[in-house]
Amino acid sequence: MNSDIFFPLTLNAEQILARFNDAKNWQERFRQLMLLAKQLPKLAEEYQTPNAKIQGCESDAWLYHYEEKGRHFYMGDSDARIVRGLIVLLLIAYNGKNTKEINDFDHHQYFEQLGLSGQLSPSRSNGLHALINAIKHYANTNTAT
(Lines give C-alpha, C1' and ligand atoms only; values in the text may rest on other atoms or scores of the structure.)
Protein backbone atom coordinates (compact mmCIF):
# COMPACT_ATOMS: atom_id res chain seq x y z
CA MET A 1 0.00 0.00 0.00
CA ASN A 2 1.13 3.53 -0.69
CA SER A 3 0.46 6.51 1.57
CA ASP A 4 -0.63 8.50 -1.51
CA ILE A 5 -4.14 7.02 -1.24
CA PHE A 6 -4.61 8.76 2.08
CA PHE A 7 -6.34 12.08 2.58
CA PRO A 8 -4.31 14.71 0.72
CA LEU A 9 -3.66 17.47 3.20
CA THR A 10 -4.06 20.83 1.51
CA LEU A 11 -4.04 22.72 4.81
CA ASN A 12 -1.53 22.63 7.63
CA ALA A 13 -2.06 23.18 11.35
CA GLU A 14 -1.08 26.87 11.17
CA GLN A 15 -3.65 27.55 8.42
CA ILE A 16 -6.34 25.73 10.39
CA LEU A 17 -5.52 27.69 13.53
CA ALA A 18 -5.73 30.94 11.55
CA ARG A 19 -9.14 29.99 10.14
CA PHE A 20 -10.52 29.12 13.56
CA ASN A 21 -8.96 32.16 15.23
CA ASP A 22 -10.65 34.37 12.63
CA ALA A 23 -14.00 32.84 13.61
CA LYS A 24 -15.59 35.20 16.11
CA ASN A 25 -18.03 32.77 17.75
CA TRP A 26 -19.10 29.15 18.01
CA GLN A 27 -21.39 29.38 14.97
CA GLU A 28 -18.48 30.46 12.78
CA ARG A 29 -16.25 27.70 14.18
CA PHE A 30 -19.06 25.21 13.57
CA ARG A 31 -19.26 26.47 9.97
CA GLN A 32 -15.50 25.89 9.62
CA LEU A 33 -15.98 22.31 10.84
CA MET A 34 -18.72 21.79 8.24
CA LEU A 35 -16.50 23.18 5.47
CA LEU A 36 -13.68 20.86 6.51
CA ALA A 37 -16.09 17.92 6.54
CA LYS A 38 -16.91 18.56 2.87
CA GLN A 39 -13.21 18.21 1.99
CA LEU A 40 -12.91 14.72 3.48
CA PRO A 41 -13.28 12.07 0.79
CA LYS A 42 -15.73 9.30 1.55
CA LEU A 43 -13.92 6.27 2.91
CA ALA A 44 -14.25 3.34 0.52
CA GLU A 45 -16.42 0.53 1.87
CA GLU A 46 -13.44 -1.85 1.82
CA TYR A 47 -11.93 0.25 4.64
CA GLN A 48 -15.14 0.44 6.69
CA THR A 49 -14.32 -2.77 8.48
CA PRO A 50 -15.26 -3.76 12.03
CA ASN A 51 -11.58 -3.41 13.02
CA ALA A 52 -11.55 0.18 11.77
CA LYS A 53 -14.81 1.18 13.47
CA ILE A 54 -14.29 3.48 16.42
CA GLN A 55 -15.85 2.29 19.65
CA GLY A 56 -17.06 5.04 21.95
CA CYS A 57 -18.25 7.32 19.17
CA GLU A 58 -22.02 7.90 19.14
CA SER A 59 -22.09 8.12 15.35
CA ASP A 60 -20.54 5.57 13.03
CA ALA A 61 -16.89 6.47 12.54
CA TRP A 62 -13.96 4.61 11.04
CA LEU A 63 -10.25 5.17 11.25
CA TYR A 64 -7.81 3.33 9.05
CA HIS A 65 -4.07 3.33 9.83
CA TYR A 66 -1.04 2.71 7.68
CA GLU A 67 2.60 2.95 8.73
CA GLU A 68 5.37 3.60 6.24
CA LYS A 69 9.04 4.20 7.06
CA GLY A 70 8.26 5.08 10.68
CA ARG A 71 5.53 7.58 9.71
CA HIS A 72 1.86 7.05 10.44
CA PHE A 73 -0.95 7.85 8.05
CA TYR A 74 -4.67 7.73 8.69
CA MET A 75 -7.91 7.80 6.74
CA GLY A 76 -11.23 8.32 8.41
CA ASP A 77 -14.89 8.86 7.85
CA SER A 78 -18.15 9.20 9.74
CA ASP A 79 -21.84 9.35 9.03
CA ALA A 80 -22.00 12.62 11.03
CA ARG A 81 -20.74 15.79 9.38
CA ILE A 82 -19.37 17.37 12.58
CA VAL A 83 -17.37 14.20 13.27
CA ARG A 84 -16.07 14.31 9.69
CA GLY A 85 -14.84 17.85 10.39
CA LEU A 86 -13.18 16.71 13.61
CA ILE A 87 -11.54 13.86 11.71
CA VAL A 88 -10.03 16.37 9.27
CA LEU A 89 -8.63 18.35 12.22
CA LEU A 90 -7.08 15.15 13.59
CA LEU A 91 -5.66 14.12 10.21
CA ILE A 92 -4.02 17.53 9.86
CA ALA A 93 -2.53 17.20 13.34
CA TYR A 94 -1.36 13.58 13.16
CA ASN A 95 -0.83 12.41 9.55
CA GLY A 96 2.76 11.80 8.56
CA LYS A 97 4.11 11.99 12.11
CA ASN A 98 6.30 9.44 13.81
CA THR A 99 5.25 7.67 17.03
CA LYS A 100 7.08 10.10 19.32
CA GLU A 101 5.51 13.13 17.61
CA ILE A 102 2.06 11.56 17.95
CA ASN A 103 2.59 10.77 21.63
CA ASP A 104 4.02 14.23 22.35
CA PHE A 105 1.27 16.16 20.55
CA ASP A 106 -0.92 18.07 23.02
CA HIS A 107 -4.42 17.63 21.62
CA HIS A 108 -5.94 19.54 24.56
CA GLN A 109 -3.92 22.62 23.66
CA TYR A 110 -4.71 22.15 19.93
CA PHE A 111 -8.47 22.13 20.51
CA GLU A 112 -8.14 24.99 23.00
CA GLN A 113 -6.31 27.04 20.37
CA LEU A 114 -9.03 26.17 17.85
CA GLY A 115 -11.65 27.47 20.27
CA LEU A 116 -13.41 24.11 20.38
CA SER A 117 -12.68 23.08 23.97
CA GLY A 118 -15.88 23.11 25.96
CA GLN A 119 -17.95 23.68 22.81
CA LEU A 120 -18.56 20.07 21.89
CA SER A 121 -21.35 18.05 23.43
CA PRO A 122 -20.29 15.32 25.86
CA SER A 123 -21.04 12.63 23.27
CA ARG A 124 -18.98 14.45 20.59
CA SER A 125 -16.15 14.93 23.12
CA ASN A 126 -16.25 11.20 23.92
CA GLY A 127 -16.11 10.38 20.22
CA LEU A 128 -13.22 12.79 19.68
CA HIS A 129 -11.26 11.20 22.53
CA ALA A 130 -12.03 7.73 21.15
CA LEU A 131 -10.56 8.81 17.79
CA ILE A 132 -7.47 10.29 19.46
CA ASN A 133 -7.01 7.13 21.53
CA ALA A 134 -7.26 5.02 18.37
CA ILE A 135 -4.68 7.20 16.59
CA LYS A 136 -2.27 6.79 19.50
CA HIS A 137 -3.00 3.07 19.86
CA TYR A 138 -2.23 2.39 16.20
CA ALA A 139 0.95 4.50 16.35
CA ASN A 140 2.18 2.63 19.41
CA THR A 141 1.37 -0.86 18.18
CA ASN A 142 2.57 -0.26 14.60
CA THR A 143 -0.18 -2.37 13.16
CA ALA A 144 -2.32 -1.53 10.17
CA THR A 145 -6.07 -1.48 10.63
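**Figure 1. The whole chain, sized up.** The radius of gyration used here is taken over C-alpha atoms, and the globule rule is 2.2 Å times the number of residues to the power 0.38. For the 145 residues of this predicted model, that rule puts a compact globule near 15 Å, and the protein's 14 Å agrees. Boxed along its principal axes, the set of C-alpha atoms takes up roughly 40 × 25 × 25 Å. As for cover, 46% of the residues count as buried. The exposed surface comes to about 7,600 Å², with carbon and sulfur atoms supplying 47% of that area.

**Figure 2. How the elements line up.** Six helices and two strands make up the secondary structure. Follow the sequence and they come in the pattern α-α-β-β-α-α-α-α. Take the contacts between residues at least 6 apart in sequence: 66% of them join residues at least 24 apart.

**Figure 3. R29, a buried arginine without a salt bridge.** R29 sits in helix α2, which covers residues 26–39. The residue is buried, yet it makes no salt bridge. E28 carries the nearest side chain of opposite charge, and that is 7.8 Å away, whereas a salt bridge would need the nitrogen and carboxyl oxygen within 4 Å. What R29 does have is a backbone oxygen close at hand: that of L114 lies 3.4 Å from a polar atom of the R29 side chain. Setting aside neighbours within four places in sequence, R29 is in contact with F20 and A23, and also with L114, G115 and L116.

**Figure 4. K69, a positive phi in the loop between the strands.** Here we zoom in on the loop between β1 (61–68) and β2 (71–78), where K69 is found. Most residues other than glycine have a negative phi. K69 is not a glycine, but its phi is positive, at about 55 degrees. This lysine is also exposed, with a relative accessible area of 80%; the cut-off for that label is over 50%.

Figure 5. E14 belongs to helix α1, residues 13–22. At a relative accessible area of 59%, E14 counts as exposed.

Definitions and conventions: Residues are numbered from 1 along each chain as its sequence is written. This is a predicted model: local features need pLDDT of at least 70, side-chain atom pairs count only at pLDDT 80 or more; totals for chains, interfaces and linings use all residues. Side-chain values use heavy atoms; hydrogens and water are left out. Helices (H or I, at least four residues) and strands (E, at least two) are DSSP runs, numbered from the N terminus. Buried means under 20% relative accessible area, exposed over 50%, partly exposed in between (1.4 Å probe, protein chains only). Lys and Arg count as positive and Asp and Glu as negative; His and the chain ends are not counted. A polar contact is a pair of N or O atoms within 3.5 Å; within protein, one must be able to donate a hydrogen and the other to accept it, and residues adjacent in sequence count only if both atoms are side-chain atoms. Contact means heavy atoms within 4.5 Å. Accessible areas come from the Shrake-Rupley method with a 1.4 Å probe; for residues, only the protein chains shown count as cover.
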